[in-house]
Amino acid sequence: MKIVVVTFESLSSARSYCEETGLDWPLLIDESKGLYRDYGMLAASLWDIWGPKTWWVYGQEILKGHKPKKTTADIYQRGGDVLIDQEGVVRLHHVSAGPADRPSIATILHRLTRGRD
């Protein structure tokens, strides 16, 4: 199994992210956002970005002592998770509704071991 992380941010931002997080996986840069478009990860609405779920997650992080960081990136760019098996079959395709929307670890593991539902 190979895991890669894809970002649309610049090389310097990507390097900073890797240093701050200790990322062990390869990081690919898609500044043109072509891969994002191909997987339907288009622009999010203001409500998607700043809705209650986002405030809840930020609130929880602040309570843990983590301050949100200011970004220069496109905050409206949707993210997501795509799981592709060794044969090239997409086993999970999740387009995030907002920054706080990610599939659970249980869902990802289920897709890894059982395939698509």
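Student: What is the relative accessible area of Ser104?
Tutor: The model is predicted: local features need pLDDT of at least 70, side-chain atom pairs count only at pLDDT 80 or more, and totals for chains, interfaces and linings use all residues. Residues are numbered from 1 along each chain as its sequence is written, and side-chain values use heavy atoms, with hydrogens and water left out. Buried means under 20% relative accessible area, exposed over 50%, and partly exposed in between, with a 1.4 Å probe and protein chains only. Ser104 counts as partly exposed because its relative accessible area is 37%.

Student: Where is Ser104 placed?
Tutor: Helices here are DSSP runs of H or I with at least four residues, strands are runs of E with at least two, and both are numbered from the N terminus. Ser104 sits in the loop between strand 4 and helix 5 (105-114).

Student: How far apart in space are Ser104 and Gly59?
Tutor: Along the sequence, 45 residues separate Ser104 from Gly59. C-alpha to C-alpha, their separation in space is 20 Å.

Student: In what order do the elements of the protein run?
Tutor: The protein has five helices and four strands. Read from the N terminus on, the order is β-α-β-α-α-α-β-β-α.

Student: What does the C-alpha trace span along its principal axes?
Tutor: The protein has 117 residues, and 21% of them count as buried. Its C-alpha trace spans about 40 × 30 × 25 Å.

Student: How far apart are the mean positions of the positive and negative charges?
Tutor: Lys and Arg count as positive, Asp and Glu as negative, while His and the chain ends are not counted. Each charge is placed at NZ of Lys, CZ of Arg, CG of Asp or CD of Glu. There are 15 positive and 15 negative charges. Their mean positions are separated by 3 Å.

Student: Which residues does Phe8 contact, leaving aside neighbours within four places in sequence?
Tutor: Phe8 is in the loop between strand 1 (5-7) and helix 1. Phe8 counts as buried because its relative accessibility is 15%. Contact means heavy atoms within 4.5 Å. Beyond those neighbours, Phe8 touches Asp30, Glu31, Lys33, Tyr36, Ala73, Asp74 and Gln77.

Student: What value is the phi of Lys33 near?
Tutor: Lys33 lies in the loop between strand 2 (27-29) and helix 2 (34-38). At a relative accessible area of 17%, Lys33 is buried. Most residues other than glycine have a negative phi. Lys33 instead has a positive phi, near 65°.

Student: Why does the span of helix 4 agree with expectation, and what is that span?
Tutor: The expected span of a helix is 1.5 Å times one less than its number of residues. Helix 4 (residues 52-63) has 12 residues, so it should span 16 Å. The end C-alpha atoms agree, with a separation of 16 Å.

Student: Which residues is Thr54 in contact with, leaving aside neighbours within four places in sequence?
Tutor: Thr54 lies in helix 4. Thr54 counts as buried because its relative accessibility is 3%. Its contacts beyond those neighbours are Asp48, Ile49, Pro99 and Ala100.

Student: Which residue with a positive phi follows helix 4?
Tutor: The phi of this residue is near 95°. The residue is Gly65.

Student: Which residue is the bridge partner of Asp81 in strand 4?
Tutor: Two strands pair if DSSP finds at least two bridges between them. Strand 3 (residues 80-84) and strand 4 (residues 90-95) run antiparallel, joined by five bridges. Gly80 stands opposite Val95 in strand 4. The partner of Asp81 is His94.

Student: Which residue takes a positive phi in the hairpin of strand 3 and strand 4?
Tutor: The hairpin has five residues between its strands. The phi in question is near 90°, and it belongs to Gly88.

Student: How far apart in space are Gln86 and Met1?
Tutor: Gln86 lies in the loop between strand 3 and strand 4. Gln86 counts as exposed because its relative accessibility is 71%. Met1 is 85 residues away in sequence. In space, C-alpha to C-alpha, the separation is 7.5 Å.
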